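Hi everyone. Let's walk through one structure together. Please have a look at it first.

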Amino acid sequence: QAGRCQQDAINGLCTHTLILGPAGQFGGSCRGFGRRARPPGVHNAAMTDQASDASAPAGGRPMLLLVDGSSYLYRAFHAMPDLRAVPGDPASQPTGAIRGMINMLTALRKDYADAQFAACVFDASGKTFRDEIYPEYKAQRAPMPDDLRSQIEPIHEVVRLMGWAVLAVPGVEADDVIGTLAKVGEAQGQDVIVSSGDKDLAQLV
């Protein structure tokens, strides 16, 4: 199922790509990134592979590439080994999620090299409008691990240095921003690519 590919740190990381377009097409594949990359494979019965060259815009339409940064950073954190700024020193800054994000975004950019517009969207810190509506929203969810939390700001900076626009809008979640941008891009005649491990985003199709 989307978001549940079992791939260890040696095999690398995977991303799930949801392809959205004006015709309501929906496709997806999983590609492994790391020392031994897995071949493309379908991980959700609702997904079907699109043409082999997914980066080519249909009919020459401009392409908007949106990445669910919050989904990516959790995937990177849990898939990578416990890397540290000082190898072997558990008290030094963890760096595994940072390295994982670099690997994943680099590979994705190669897959969609024709994308004229690209942004990596993260959840902003603080509460959202959903917390105002329902105070128990996500109350049962475990807090973010400290070793991941300490990598958030460095990840944002690294992603910017890689040339991505980094977005985090207070009061809403990354999903909300991605959904809004996907609809705006579609209305402006763009082919919109959303890459995420969160199958909730299939609601955009």
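Which residues make a nonpolar surface patch of about 350 Å²? The answer is F129, I133 and Y134. Keep in mind that this is a predicted model.

Take F129. F129 sits in helix 3, which covers residues 129-133. Buried would need under 20%, and exposed would need over 50%.

Now the whole chain. The chain has six helices and six strands. From the N terminus, the order is β-β-β-α-α-β-α-α-α-β-α-β. There are 205 residues, and 42% of them count as buried. The chain exposes about 10800 Å². Carbon and sulfur atoms supply 54% of that area.

What about contacts along the sequence?

Next, strand 3, residues 63-68. How many of its six residues are buried? Six of six. Here is some background. In a regular strand, side chains alternate between the two faces of the sheet. In strand 3, M63, L65 and V67 are on one side. L64, L66 and D68 are on the other. Both faces are covered.

Which strands pair with strand 3? One is strand 6, residues 191-195, in the parallel sense over five bridges. There, M63 has D191 as its bridge partner. Another is strand 4, residues 117-121, also parallel, over five bridges. In strand 4, the bridge partner of D68 is V121.

Definitions and conventions: Residues are numbered from 1 along each chain as its sequence is written. This is a predicted model: local features need pLDDT of at least 70, side-chain atom pairs count only at pLDDT 80 or more; totals for chains, interfaces and linings use all residues. Side-chain values use heavy atoms; hydrogens and water are left out. Buried means under 20% relative accessible area, exposed over 50%, partly exposed in between (1.4 Å probe, protein chains only). Helices (H or I, at least four residues) and strands (E, at least two) are DSSP runs, numbered from the N terminus. Two strands pair if DSSP finds at least two bridges between them. Patches are made of residues with over 30% relative accessible area and no salt bridge: like charges are joined within 9 Å, nonpolar side chains (Val, Leu, Ile, Met, Phe, Trp, Tyr) within 5 Å. Accessible areas come from the Shrake-Rupley method with a 1.4 Å probe; for residues, only the protein chains shown count as cover. A salt bridge is a side-chain nitrogen of Lys or Arg within 4 Å of a carboxyl oxygen of Asp or Glu.
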